[in-house]
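Me: Let's go through this structure by question and answer. Keep it brisk.

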Protein chains: 2
Amino acid sequence: MTTDLTDRRQLILKLAIQEFIESSQPVASELLVRKYKLNVSPATVRNELAVLEELGYLTHLHTSAGRVPTDAGYRYFVENLMDRTPLSATEQRTIRHQFYQVRSELDQWIQLAGAVLARTAQNASVVTPPRAQQARLKHLELISIYDTTALMVLVLHDGTIRQQTLTLDMALSQEDLSRCASRINERCADAPVERVEEFLKQERAQMPPGGDALACQVLDLVVKAMHQFNEHINSDIHSDGLIEILSQPEFSQVERVRRMVEILQSRRALGTLIPRVLSSSGVQVVIGGEHSYDEMREYSVVLSRYGGGEIVGVLGVIGPTRMAYPRAISAVRYISAVMSDLLAELYGIEGASRWEAES
Amino acid sequence: MTTDLTDRRQLILKLAIQEFIESSQPVASELLVRKYKLNVSPATVRNELAVLEELGYLTHLHTSAGRVPTDAGYRYFVENLMDRTPLSATEQRTIRHQFYQVRSELDQWIQLAGAVLARTAQNASVVTPPRAQQARLKHLELISIYDTTALMVLVLHDGTIRQQTLTLDMALSQEDLSRCASRINERCADAPVERVEEFLKQERAQMPPGGDALACQVLDLVVKAMHQFNEHINSDIHSDGLIEILSQPEFSQVERVRRMVEILQSRRALGTLIPRVLSSSGVQVVIGGEHSYDEMREYSVVLSRYGGGEIVGVLGVIGPTRMAYPRAISAVRYISAVMSDLLAELYGIEGASRWEAES
DNA sequence: GGCTAGCACTCACCGTTTGAGAGTGCTAAA
DNA sequence: TTTAGCACTCTCAAACGGTGAGTGCTAGCC
């Protein structure tokens with residue numbers, strides 16, 4: 001679907017969609033003429049609108065109601081018509097400043113990204129923490145809590161932390177635990193799960209039968225945790241901005257709100273989008289009926305990967321198809337750039353700040 | 001306000017409130033007679049209802065509408081009239097089983113507690129993680145990430161984990177970092193923030209001027225983190241169950257939903273309740289206008305402390321004043337008992353399972 | 001051929017009316 | 001003290017009609 005429309009039709013389609021996004025009211029021919037000083041009569045605009053409807057970019061709820069964009073209309077708008085203005089310099093500065101302030105607290109990035117994204121794009125937001133595809137063990141720590149209980153803290157090379165408590169077969173001192181931990185650390189530095197498993201096998205094969213019982217117990221947990229990490233790429237989707245979308249007119253019936261809440265917390269639909277976004281670069285837009293899940297028919301998402309090299313995450317915006325796409329896209333693009341920069345700084349990956357130039 | 005009502009008035013008040021909680025419709029005199037086979041005529045019940053209204057336990061939206069409980073009515077109901085039946089044995093077993101399955105993953109407790117509480121009580125839920133009042137350093141770990149960046153993992157004695165990245169003045173090897181960490185660990189084992197501060201002061205006073213630069217940098221962060229921990233007892237309130245309350249008729253207007261979402265995420269009103277609950281035992285119920293914040297006038301909360309000894313948390317239910325109090329209270333009581341048991345098991349505190357007997 | 005004025009036609013929306021139904025409060029009698 | 005009876009109040013839903021917004025079509029104009 002290329003630019004097969006006359007200039008005037010493009011203009012009218014663009015104005016109609018912009019107008020509808022802004023007002024959420026079906027847009028009428030006369031309004032367009034009056035508001036945008038078109039040098040033609042309403043009747044002419046009506047004819048053009050009829051053509052655009054014919055082509056599938058607009059619809060009608062009933063005769064004598066204004067035009068409303070279809071999913072195809074939004075798609076055409078996003079691809080060909082939309083103004084691609086970045087966030088204002090002031091906004092960029094404010095956002096970057098906010099991230100700068102929490103830059104040493106990794107887990108606050110996520111929260112901040114969600115909040116800023118939601119507020120900037122006036123929609124709900126989703127963010128996944130930055131992570132590697134495959135876990136590699138960075139550091140293991142065993143901390144004695146009480147007699148036979150201990151805390152295991154697992155740090156993966158992408159900064160992910162997993163904590164788990166374990167019940168020991170017998171009371172062990174902190175020294176025993178530390179000795180075990182450092183043995184594993186030495187042996188499994190930077191190891192992917194396969195190598196940890198191998199070590200576990202060796203350990204089990206040793207004398208006394210079953211080898212070092214504690215090491216086996218711990219390694220077993222480590223292996224499980226790493227497998228879980230590898231298999232559940234989408235388990236950790238944070239969302240925010242419910243309050244933002246509640247003020248949108250499409251959520252004036254609670255039933256709609258309920259469906260949105262379900263989408264945000266079920267992760268079904270969102271989870272399946274993530275892999276796709278991870279394996280592509282740039283901002284991805286999925287509009288209404290383009291989703292593979294029916295419950296998403298009324299919603300659009302704007303997603304982008306962030307990070308670089310091995311360590312990546314996804315962030316984006318979700319809202320009704322009547323979404324301020326230009327703004328949402330700019331926000332997603334800019335915030336993913338900021339997050340990429342932060343990550344690059346941390347891991348010494350060469351700057352993703354090529355984004356910066358673009359905005 | 002003691003039991004100053006005749007038996008019949010108590011019965012009628014109890015039935016009226018139960019009926020309203022169940023149906024959310026104003027309750028009429030005739031309905032009570034018919035449904036509960038009272039051996040009096042509707043007119044008699046009307047007279048009694050009029051008295052109860054006089055006493056402030058019930059109201060009227062307008063003539064010719066049924067009766068609706070007031071906050072005082074609910075209060076009287078909760079104190080004197082309510083059936084205190086615990087959760088069914090099956091339900092108890094199911095819940096305990098679910099917790100048992102995630103018992104080694106501390107951070108999943110919170111999530112599970114929130115979900116189970118919300119589902120069981122059919123309302124929104126709030127849960128704070130178990131924590132000590134005062135931080136004591138359990139273990140510090142420094143992990144080299146890249147040239148001049150490192151990850152600091154702080155474990156407090158209550159199992160709380162804080163992670164933070166730090167930028168080093170110069171590139172240091174993992175060995176350097178580990179040496180520094182273990183020096184601090186040795187010196188500050190089980191130390192409250194004051195002792196860490198003291199150590200930092202000593203360190204700074206040493207030669208070379210400023211002492212061990214890395215140690216100072218790290219200790220500074222540790223002190224900050226511990227102070228923050230001590231000062232923000234309420235910062236970490238998880239909530240769940242929005243979906244549950246969306247099906248309640250009081251949330252049929254989105255405006256109500258918005259206010260609830262704001263309450264859940266602002267933490268203002270909830271945060272101020274927490275200290276009060278922490279310093280008292282048993283289940284606390286705050287009904288509508290009894291709240292000190294106006295925005296809570298239409299809502300009730302049922303809260304309980306859980307845990308024991310030094311390490312405690314709060315969990316509870318929040319919903320419209322028309323809440324199924326008996327069920328909410330049973331759920332809060334039981335789940336706090338389960339969480340207390342789990343914590344006791346972990347930290348070897350003598351069983352809080354006295355709760356168990358009660359249910 | 002494209003544009004436009006004019007006009008009939010179609011709906012949604014709003015305020016009003018009306019009737020029915022639910023439930024109370026009061027009164028008078030058992 | 002209880003109750004039957006009844007008038008009265010108020011909500012709710014349906015029906016109605018008028019209004020206004022906006023279209024689609026047609027015929028004439030440039």
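Me: Over how many bridges do β3(B) and strand β7 (residues 238-240) of chain B pair?
Reply: Strands here are DSSP E runs of at least two residues, helices H or I runs of at least four, both numbered from the N terminus. Two strands pair if DSSP finds at least two bridges between them. β3(B) and β7(B) meet that in the antiparallel sense. The bridges number three.

Me: Which pLDDT do local features need in this predicted model?
Reply: Residues are numbered from 1 along each chain as its sequence is written, while chains are lettered from A and ligands numbered from 1 in the order in which they are written. The model is predicted: totals for chains, interfaces and linings use all residues, side-chain atom pairs count only at pLDDT 80 or more, and local features need pLDDT of at least 70.

Me: Which residue is the bridge partner of V126(B) in β10(B)?
Reply: β3(B) also pairs with strand β10 (residues 311-320) of chain B, antiparallel over four bridges. On the β7(B) side, V127(B) is bridged to H238(B). In β10(B), V126(B) has G316(B).

Me: Are A124(B) and V126(B) buried or exposed?
Reply: They point one way from β3 (residues 124-127) of chain B, while S125(B) and V127(B) point the other way. The test counts other C-beta atoms, placed from the backbone, within 10 Å of a residue's own: 20 or more is buried, 12 or fewer exposed, in between partly exposed. On both sides of β3(B), these residues are buried.

Me: Why does R103(B) count as partly exposed?
Reply: R103(B) sits in the loop between α5 (89-101) and α6 (106-121) of chain B. R103(B) is partly exposed because the other C-beta atoms within 10 Å number 18.

Me: Which element of chain A gives the most to the side that touches chain B?
Reply: Contact means C-beta atoms, placed from the backbone, within 7 Å. By that test, 34 residues of chain A meet 34 of chain B. Several elements supply at least two residues each, including α6 (106-121), α11 (254-266) and α13 (325-347) of chain A. The top contributor, with six residues, is β5(A).

Me: How many charged residues are in the surface near DNA strand C?
Reply: A residue is near a strand if its C-beta atom, placed from the backbone, lies within 6 Å of it. DNA strand C has 20 such residues, V40(A) and A28(B) among the closest. Ala, Val, Leu, Ile, Met, Phe, Trp, Tyr, Cys and Pro count as nonpolar, Asp, Glu, Lys and Arg as charged, the others, Gly among them, as polar. The surface has six nonpolar, 11 polar and, as charged residues, three.

How values were computed. Contact = placed C-beta atoms within 7 Å.
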